[in-house]
Amino acid sequence: MTTPGASKDVRDEPRPVPEEASVPEETAVSEETAEDGREDAAGPPERRLHPVTPLRRAWAPVAVIAGWAVHDPDQAQRQLTRLTTMTLLAVLVAAVLGAALYGFLSWWFTHFAVTDTELRIRTGLVFRRTAHIRLERIQAVDVTQPLLARVAGVAKLKLDVVGTDKKDELAYLGQEEARILRAELLARAAGFAPETAHEVGEAPVQRLLHVPAGVLAVSLVLTGATWGTLAAALVVPPLLWFATHSVWTVLATALPLLGAAGASSVGRFVGEYDWTVGESPDGLRIDHGLLDRTHETVPPGRVQTVRIVEPLLWRRRGWVRVELDVAGSSNSVLVPVAPREVADAVIARVLPGVTVPTSLARPPRRAGWCVPFWWRGYGLAVTDTVFVARHGLLRRSIALVPHAKVQSVRLEQGPWQRHKGLADVRVDTGANKTVTARLRDASEAAELLYGQADRSRTGRREARPDRWMA
């Protein structure tokens, strides 16, 4: 709890505009309002997606009909009972042909081309949209293959671009074409000339980590959230039955709980199966997935925070989970489970020159008056390279923020904290996330506030540029 006037905010003067807040280079314009969306005759040839793509897009009309039927099932049933067999067959044939025509036209009017400076994607049958993606703004190119796409031998390219929240994608391309195009885009993002980008090829990868399926399964069994959700699914529905004797109430409660338990165990196992981390000149490569295969890239220099998570039941085995906050990217997991020394070695690749502190200073004992018992889970350490804060007793989490990634530092005190001479120090990063050192001594917090601002200015001056293959 904080009160007005009890919060201090220290920012660099003048504060530089963060890169993430810059105006996006990628724009979407209509064909009617922007003639520059059309490709010049002398420009590079436009290419189409894989011929299997219409099958994916043909589902849109079917989904609309299914949504109408689910929205008003009684009306849909009455309409179906009025149709004769021949009429019903004619409607089905018309729906299939319409869906096929929609899929074909949407594929036919979708083109992409790689120019000297940008990737252009033109889509739209009625309303035309042209996306201009500057190549130097690309920070990650991920390749995903859903199960049916793997069967068909195609893949999807997803692009993370600085300054945009939504990922543009090319779905679908042939596997080999997707691999070649990904390598070319990464080479161009690294600054290679257009005439040499084709010759660079895919960067070599050195494996750093592979998570065995058995270790992943045991780690999920030892996760408290899985057992907690499963216990709730087994206990709450019987109690509701005795209280209400309503089957619908029981099902409405049990199904979401069972689904949450499955998502936290089976879903994670399927998604994190065969997790492999490799190092290449264009960043860390992450491959994973049992049914849907995903090939992700951790953008170099864009990692804002590294978080080491230690569930209670993992500590005896020395296992940890490593998560990331990456500016402008949805990649959030680096290591699903690994021994602590292995995870530290991978973190050293993400944050060069950073060593994870082995001991963190607890808050003073009077912090127990603000947060009884749980105050023992808080900790703080500041090194020459990172700001480190810990919280949690049962599920311990240690956050590491490089000084160069700190956007602002704030000191906050509630009335009870002021009475006890305590304060919280909050560090804001470029990924719109906050790391907090809680319940520090007030004098220590004030010193940390101004000292961290100085360290952030120095860190930004000495930081390496955020470039591919730098």
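Predicted model: local features only at pLDDT ≥ 70, side-chain atom pairs only at ≥ 80, totals over all residues.

I started at the residue just after α9: His245 there has a positive phi of about 55 degrees.

Then I went back along α9 itself, residues 224–244.

Next I asked which residues of α9 are buried. My list reads Thr226, Thr229, Ala233 and Pro237. I also checked what covers them: α8 (213–221) and α10 (247–272) are among the elements that do.

That sent me to the α8 and α10 pair. Their axes come within 10 Å and cross at roughly 155 degrees. An angle over 145 counts as roughly antiparallel, so that is how α8 runs relative to α10. I noted the crossing of α8 past α10 as right-handed.

Which residues meet between these two helices? On the α8 side I wrote down Ala213, Leu216, Ala217 and Leu220. Facing them from α10 I have Ser264, Ser265, Arg268, Phe269 and Glu272.

Last stop, an annotation. UniProt, in an unreviewed entry, lists residues 88–109 as "transmembrane region". I looked at what the model does over that stretch: the chain is 95% helix and 0% strand. The end C-alpha atoms of residues 88–109 sit 32 Å apart.

Conventions:
Residues numbered from 1 in each chain as written. Heavy atoms only, no water. UniProt positions renumbered as here; feature names shortened; annotations may be inferred. Helix = DSSP H or I, 4+ residues; strand = E, 2+ residues; numbered from the N terminus. Expected span 1.5 Å × (residues − 1). Buried < 20%, exposed > 50% of the residue type's maximum accessible area, 1.4 Å probe, protein only. Contact = heavy atoms within 4.5 Å. Axes fitted to C-alpha atoms, helices over the stretch in contact; angles between N-to-C directions. Parallel < 35°, antiparallel > 145°, perpendicular 65-115°, else oblique. Left-handed = near helix turned anticlockwise from the far one by under 90°.
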